[in-house]
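User: I would like a close look at the charged side chains of this model and how they pair up. Please keep to one connected account.

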Amino acid sequence: KRVRKKRYAIPVNGLVWEIDVFLDRELVLAEVELPSADITPELPSWLAPWVEREVTDDPAYLNLSLAQ
């Protein structure tokens, strides 16, 4: 199976937030690539109200898992 999603890239303060809107389920994920692991990004004000939880270390949210 494949993951069906629409990705939006939104630059904010030198970082690019990637917002994935899944087309085959009710799921939206946001991610940001950081220049180093010791940086903790501040959530943009437009995104913060929508964040329910952190899923970085949850294998259920890997593309491989989502495609099943």
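Is Asp24 buried, partly exposed or exposed, and at what relative accessibility?

Analyst: In this predicted model, Asp24 counts as partly exposed, with a relative accessibility of 36%. Its salt-bridge partner is Arg25, and the closest N and O atoms of the two are 3.0 Å apart. Arg25 is also partly exposed, at 29% relative accessibility.

A network of salt bridges links Lys5, Arg7, Glu18, Asp20 and Glu31. Lys5 is partly exposed at 26% relative accessibility. Asp20 has a relative accessible area of 3%, and because this is under the 20% cut-off, Asp20 counts as buried.

The side chains of Glu31 and Arg7 form another salt bridge, with an N to O distance of 3.9 Å. Here too distant parts of the chain are linked, with Glu31 in strand E3 (residues 28-32) and Arg7 in strand E1, 24 residues apart. Glu31 is partly exposed at 34% relative accessibility, and Arg7 is partly exposed with a relative accessible area of 41%.

Methods:
Residues are numbered from 1 along each chain as its sequence is written. This is a predicted model: local features need pLDDT of at least 70, side-chain atom pairs count only at pLDDT 80 or more; totals for chains, interfaces and linings use all residues. Side-chain values use heavy atoms; hydrogens and water are left out. Buried means under 20% relative accessible area, exposed over 50%, partly exposed in between (1.4 Å probe, protein chains only). A salt bridge is a side-chain nitrogen of Lys or Arg within 4 Å of a carboxyl oxygen of Asp or Glu. Helices (H or I, at least four residues) and strands (E, at least two) are DSSP runs, numbered from the N terminus.
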